[in-house]
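Here are some notes to read alongside the model. Please keep the structure open and find each residue as it comes up.

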Amino acid sequence: MTDSALPRSVRRGGLVFAIVLGGLLVAAVVATVWIAVRGALAYSHLHDAQQTAAAVRENLSDPAAASDAIAALAADTGAAHAMTSDPVWELAEGLPWVGPQLAAVSTVAESLDGVTSTALRPLSEVAASFQVDALRPQDGRLDLAPLQQISGAAQTASDGVGAAAASVSSIDRAALVAPVREAVEEVDGLLTEAGIATDALARATRLLPSMLGADAPRDYLVLFQNNAEWRSLGGIPGAMALIHTEGGVLSLAAQESSSDYPRYDDAVLPLGDEVTAIYGERPGRWIQNVTQVPDFAVSGALAREMWARQHGGQQVDGVISLDPVALSYLLEATGPITLPTGDVLAPDNAVQLLLNDVYARYTRPADQDAFFAMAAAAVFERLSSGDVDPAALVGALTRAGDEDRLLLWSTHENEQSLLADTTLAGGLPTSDDDAARFGVYVNDGTGSKMDYYQNATTALEWSSCTLDAAGTATGDAVLTVTVGNTAPADAASLPAYITGDSAFGVPAGITRTIGYLYLPEGFELVDATMSDGTGLGGGTHDGRRVVSFAIDLPPGGSVTATLTARTTEPAAATLEAVTTPTLTPPAEVAAVCDGS
């Protein structure tokens with residue numbers, strides 16, 4: 001039958017269908033071209049934004065330059081957002097295969113635009129008038145007004161970047177083609193980095209004014225941890241100082257030595273059954289042991305109570321801790337400092353001078369304490385005088401905080417809440433969506449300064465693991481910790497104060513180390529061995545299994561502890577370890593499950 005023989009209504013219906021089909025095909029082609037053109041333009045703007053972002057990062061030390069770069073960044077991200085948010089683009093996001101790609105690009109563009117236009121622009125505008133020199137004390141006083149002025153914008157930036165990071169992080173990567181997935185992951189990492197920075201700035205601008213006495217005078221107890229005699233959080237508090245702040249003015253109110261403190265008959269504060277089962281009451285009876293528990297909130301409260309008992313009930317507002325390695329970082333900002341003894345305290349000699357040479361030079365502990373007090377006072381005087389590079393100072397404090405060498409505990413609840421989930425808090429290792437975290441803590445059991453010659457190395461791996469659809473892992477993780485004594489063969493001839501002189505039953509030259517290994521929450525212990533065949537102990541601390549060991553090492557000796565832990569529930573695919581800060585910068589300890 002020919003077309004002409006068909007009924008007219010059928011021919012008309014076929015013609016209508018063809019017209020509709022043709023229209024749909026034309027519309028599809030137009031929509032495809034529309035999306036392709038706008039996608040190409042959006043890519044161009046996002047590429048330009050990437051280049052501008054690098055300029056922002058390079059100019060962070062110059063707020064005015066960074067402000068101009070952020071304005072340019074906002075123009076590009078705004079254009080990219082506009083190109084990927086029209087009705088045609090949004091309709092295409094519902095299509096199979098190509099839809100997830102378009103939705104991912106749209107989410108990235110919208111998130112970046114929100115960061116630059118809503119989050120960073122207000123901060124950059126305020127920061128444009130902020131001078132880094134504002135962080136330099138003048139005659140012992142820090143002007144708090146610039147910090148207070150920038151606080152609101154910093155919080156806005158932190159909230160905005162956090163929201164954008166959460167939006168990009170929620171994109172389903174499994175549905176994306178490789179180039180789009182890689183771009184999303186790159187932006188995810190960038191926003192994570194920006195989130196850490198803006199969050200730190202927001203917290204600092206809220207904390208510092210009140211801590212420096214903007215509203216009322218404050219007193220802080222400063223503990224100087226000695227890494228030559230290990231404790232879980234670094235070393236024994238060998239020296240202390242009281243810092244008074246009022247209206248931005250800092251003053252050194254008092255200095256003391258740990259030898260000024262008695263041994264208390266009972267723990268000065270309740271430690272709880274779990275802590276006592278693992279550590280006994282030692283952390284609460286000796287000032288030198290308050291940092292044995294790897295939770296600075298516990299250490300700070302114990303040190304505060306001991307200070308109060310020694311000083312007529314005086315209650316400090318918080319406790320700060322740092323070590324000689326952190327001090328060496330600060331010296332990069334102050335420059336070398338000449339002490340009254342003629343010694344020059346510099347970044348490259350501070351650790352050796354304070355943790356080893358001084359014991360060889362002075363045999364009387366009182367003379368050692370006097371040297372430490374003199375050095376601390378000299379550094380404080382330089383810092384408070386303003387004779388310091390403010391940018392280098394910020395960098396030094398940041399590095400010390402990242403390495404857990406600078407810790408802070410506040411008695412003011414609102415301030416402690418800001419500190420609680422930062423490295424400054426020095427809390428127990430906490431697992432999250434990013435990583436399952438072990439804890440590796442070492443303590444001296446010799447009563448000596450022999451840990452100047454010791455090292456502790458840590459390694460992690462998944463011995464077997466599988467990944468689920470959400471990217472979380474189940475399997476077995478292996479932690480190894482090796483402690484080595486690098487003291488010279490004739491270590492027994494070292495000064496008695498360094499060797500401990502057998503005061504606690506350990507022969508001179510031998511090191512005794514007590515280790516505490518914390519498993520992450522959601523892991524159970526499968527196996528634990530010591531390479532020398534010694535036994536292990538332990539307990540449970542706040543939901544974490546703890547394995548403890550004690551080893552004695554001659555010069556040149558080493559022992560390795562090996563633990564196998566199994567997930568009891570899906571955990572982050574990345575394993576990390578938090579370790580005691582020793583004399584050397586910490587090496588990154590991490591392992592990622594690849595599903596094998």
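Predicted model: local features only at pLDDT ≥ 70, side-chain atom pairs only at ≥ 80, totals over all residues.

1. Strand β13 covers residues 537-541 and strand β14 covers residues 544-553. The two run antiparallel and are joined by five bridges. To see the pairing, find G539, which stands opposite V546 in β14. When tracing side chains along a strand, keep in mind that in a regular strand they alternate between the two faces of the sheet.

2. Follow the chain past β14 to G557. This glycine is found in the loop between β14 and β15, the latter being residues 558-567. Is G557 buried or exposed? Its relative accessibility is 16%, and the cut-off for buried is under 20%, so G557 counts as buried. Setting aside residues up to four places away in sequence, G557 touches V483, G484 and N485. I510 is 47 residues from G557 in sequence, yet their C-alpha atoms are 9.5 Å apart in space.

3. Next, look at the nonpolar cores. In soluble globular proteins, nonpolar side chains tend to be buried together. Here the largest nonpolar core has 48 residues, and those touching the most other members are L339, L345, L354, F371 and M450. Which residues does L345 contact, apart from its neighbours within four places in sequence? They are L331, P336, I337, A350, L353, L354, A375 and V379. A second, separate core has 32 residues, including F438, A477, I551 and A565. Of these, I551 belongs to the span of residues 544-553 that forms β14.

4. Now consider empty space inside the model. A probe the size of a water molecule, rolled over the atoms, shows where such space is left. The count is one cavity of 30 Å³ or more. The largest cavity holds about 40 Å³ of space. Its lining consists of Q225, L233, G234, S321, L322, D323, D404, R405, L407 and P581. By type, the lining residues divide into four nonpolar, three polar and three charged.

5. Last, the overall figures. The protein has 596 residues, of which 47% count as buried. Its secondary structure comes to 15 helices and 17 strands. Among contacts between residues at least 6 apart in sequence, 71% join residues at least 24 apart.

Note on methods: Residues numbered from 1 in each chain as written. Heavy atoms only, no water. 1 Å grid on protein atoms, 1.4 Å probe; cavity = no way out; pocket = protein on both sides within 12 Å on 5 of 7 lines; lining within 4 Å. Points joined across faces, edges and corners; volume = space filled by probe spheres on them. Nonpolar A, V, L, I, M, F, W, Y, C, P; charged D, E, K, R; others polar. Pairing = 2+ DSSP bridges. Helix = DSSP H or I, 4+ residues; strand = E, 2+ residues; numbered from the N terminus. Core = buried A, V, L, I, M, F, W, Y, C linked by side-chain atoms within 4.5 Å. Buried < 20%, exposed > 50% of the residue type's maximum accessible area, 1.4 Å probe, protein only. Contact = heavy atoms within 4.5 Å.
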